[in-house]
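Colleague: I would like to learn how to read the contact between two chains in a model, going from the individual atom pairs to the elements that carry them. Could we go through one case together?

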There are 2 protein chains.
Amino acid sequence: MSGRLSAQFAFLNEADKLKQVLRATTLVDASRPENSGEHSWHLALYAMVLADQAGPDVRIDRVIRMLILHDLVEIDVGDVPIHSSNGLAHGSADTAAAEARAADRIFGLLPPDLATEFRALWEEFEAAATPDAVFARALDRVQPVMHNIASGGGTWVTYNVTPEQLESRVGAKIARGAPALWDWVRGQARAFFSG
Amino acid sequence: MSGRLSAQFAFLNEADKLKQVLRATTLVDASRPENSGEHSWHLALYAMVLADQAGPDVRIDRVIRMLILHDLVEIDVGDVPIHSSNGLAHGSADTAAAEARAADRIFGLLPPDLATEFRALWEEFEAAATPDAVFARALDRVQPVMHNIASGGGTWVTYNVTPEQLESRVGAKIARGAPALWDWVRGQARAFFSG
């Protein structure tokens with residue numbers, strides 16, 4: 001028991017570092033960059049609030065768990081933004097390899113049963129092949145869009161993103177997991193770009 | 001649909017403000033105060049990691065949802081620390097009334113079905129009368145203890161907290177929801193105080 005709790009808290013204390021990983025996206029009021037810990041909380045809340053946008057095969061409680069875990073590898077790798085090209089490229093093989101090494105180290109702090117369970121949830125999120133993962137990833141793409149609209153452009157201004165780039169980099173992935181949600185969000189984004 | 005999504009995002013954008021509510025407790029490395037958004041994420045992760053410490057009546061997915069929502073009223077009221085006596089007193093009737101008004105306003109941004117569901121979960125957490133709420137509240141008390149140990153004393157040093165005060169203010173409530181967990185955490189705290 002004591003050794004197990006030591007391992008559980010070694011992981012929980014290490015996870016605390018996610019609060020110091022900064023993202024490209026800011027808070028809604030643009031006052032500062034968002035960190036990946038608070039971002040993960042906000043996405044879990046997105047899943048609770050937007051559950052009615054998920055298809056009938058989606059189990060929201062699994063989506064919430066995936067979103068709680070999905071960014072932990074950033075403790076070692078950092079955030080890899082969609083719209084910038086600094087450092088590791090979003091979606092590249094190098095990024096995937098670095099994230100796999102990070103998952104080995106970070107989930108490896110846990111007792112073996114939890115390490116296996118959490119690693120599998122994270123890999124499911126990364127593979128984007130199940131209804132739960134596809135919906136979780138759609139929410140992960142929606143939130144920065146809503147923050148950019150609310151904060152006057154955010155990373156779209158920083159990186160000169162066009163509506164067409166938004167559609168191709170983000171829209172198709174949101175539409176795959178939450179088509180009606182993307183219809184509405186796209187309308188909000190179009191109004192922003194044209195206004 | 002459009003009006004519903006507008007209400008859902010009005011709530012989600014308002015919830016973003018929880019990332020700017022600062023707590024008395026610091027991050028594990030003592031570099032800065034923790035905010036209540038990232039704290040809520042960390043507690044949801046605590047629930048996933050420490051699920052084996054819960055009694056057989058506890059439904060962890062409800063605990064996770066409660067923990068995601070539990071601090072939202074702090075957007076209006078601020079964090080009310082256990083060990084300090086500035087401003088509103090922890091557990092006082094004034095604090096409870098202010099938090100109820102905050103819940104009216106913040107959950108009131110949601111569509112009525114979600115407002116009712118979330119308000120009920122938050123009230124269940126506050127009432128501390130169900131196995132899910134008692135376990136959720138135990139985790140909310142454990143995390144600052146672990147951060148104080150890791151960071152060299154934290155709020156215990158700031159407010160001259162004794163081991164006896166820790167036992168009476170925090171220990172009994174952790175032990176109620178997670179007795180074996182408190183046995184272990186108390187041992188860690190004792191080692192800290194005597195070291």
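Colleague: How many residue pairs are in polar contact between chain B and chain A?

Modeller: A polar contact is a pair of N or O atoms within 3.5 Å, where within protein one must be able to donate a hydrogen and the other to accept it, and residues adjacent in sequence count only if both atoms are side-chain atoms. Between chain B and chain A the count is 26 residue pairs, both residues being at pLDDT 80 or more. The side of chain B that touches chain A draws at least two residues from each of α1 (2-15), β2, α2 (36-49), α3 (60-69), α6 (112-127), α7 (131-150) and α10 (179-194) of chain B; helices (H or I, at least four residues) and strands (E, at least two) are DSSP runs, numbered from the N terminus.

The model is predicted, with local features needing pLDDT of at least 70 and side-chain atom pairs pLDDT 80 or more, while totals for chains, interfaces and linings use all residues. Residues are numbered from 1 along each chain as its sequence is written, chains are lettered from A and ligands numbered from 1 in the order in which they are written, and side-chain values use heavy atoms, with hydrogens and water left out.

Colleague: How many salt bridges are there between chain B and chain A?

Modeller: A salt bridge is a side-chain nitrogen of Lys or Arg within 4 Å of a carboxyl oxygen of Asp or Glu. There are 6 between chain B and chain A, including the one in which the side chains of D61(B) and R65(A) meet at 2.8 Å, N to O. Over all chains, the whole structure holds 38 salt bridges.

Colleague: How much area do chain B and chain A bury between them?

Modeller: The size of an interface is often given as the accessible area lost when the parts come together. Here, with a 1.4 Å probe and the loss summed over both parts, chain B and chain A bury about 4500 Å², 67% of it on carbon and sulfur atoms. On the side of chain B, the most area is lost by K19(B), W41(B) and M48(B), together 17% of what that side buries.

Colleague: Why can one say that the copies meet through the same surface?

Modeller: Contact means heavy atoms within 4.5 Å, and it takes 55 residues from each of chain B and chain A. The copies meet through the same surface because 100% of the interface residues of chain B are also interface residues in chain A.

Colleague: In which sense do β1 and β2 of chain B pair?

Modeller: Strands pair if DSSP finds at least two bridges between them. In chain B, β1 (residues 22-26) and β2 (residues 33-35) are antiparallel over 2 bridges, with T26(B) partnered by P33(B). The hairpin has 6 residues between the strands, and A30(B) takes a positive phi near 65°.

Key
Buried area is the accessible area (1.4 Å probe) that two parts lose on being put together, summed over both.
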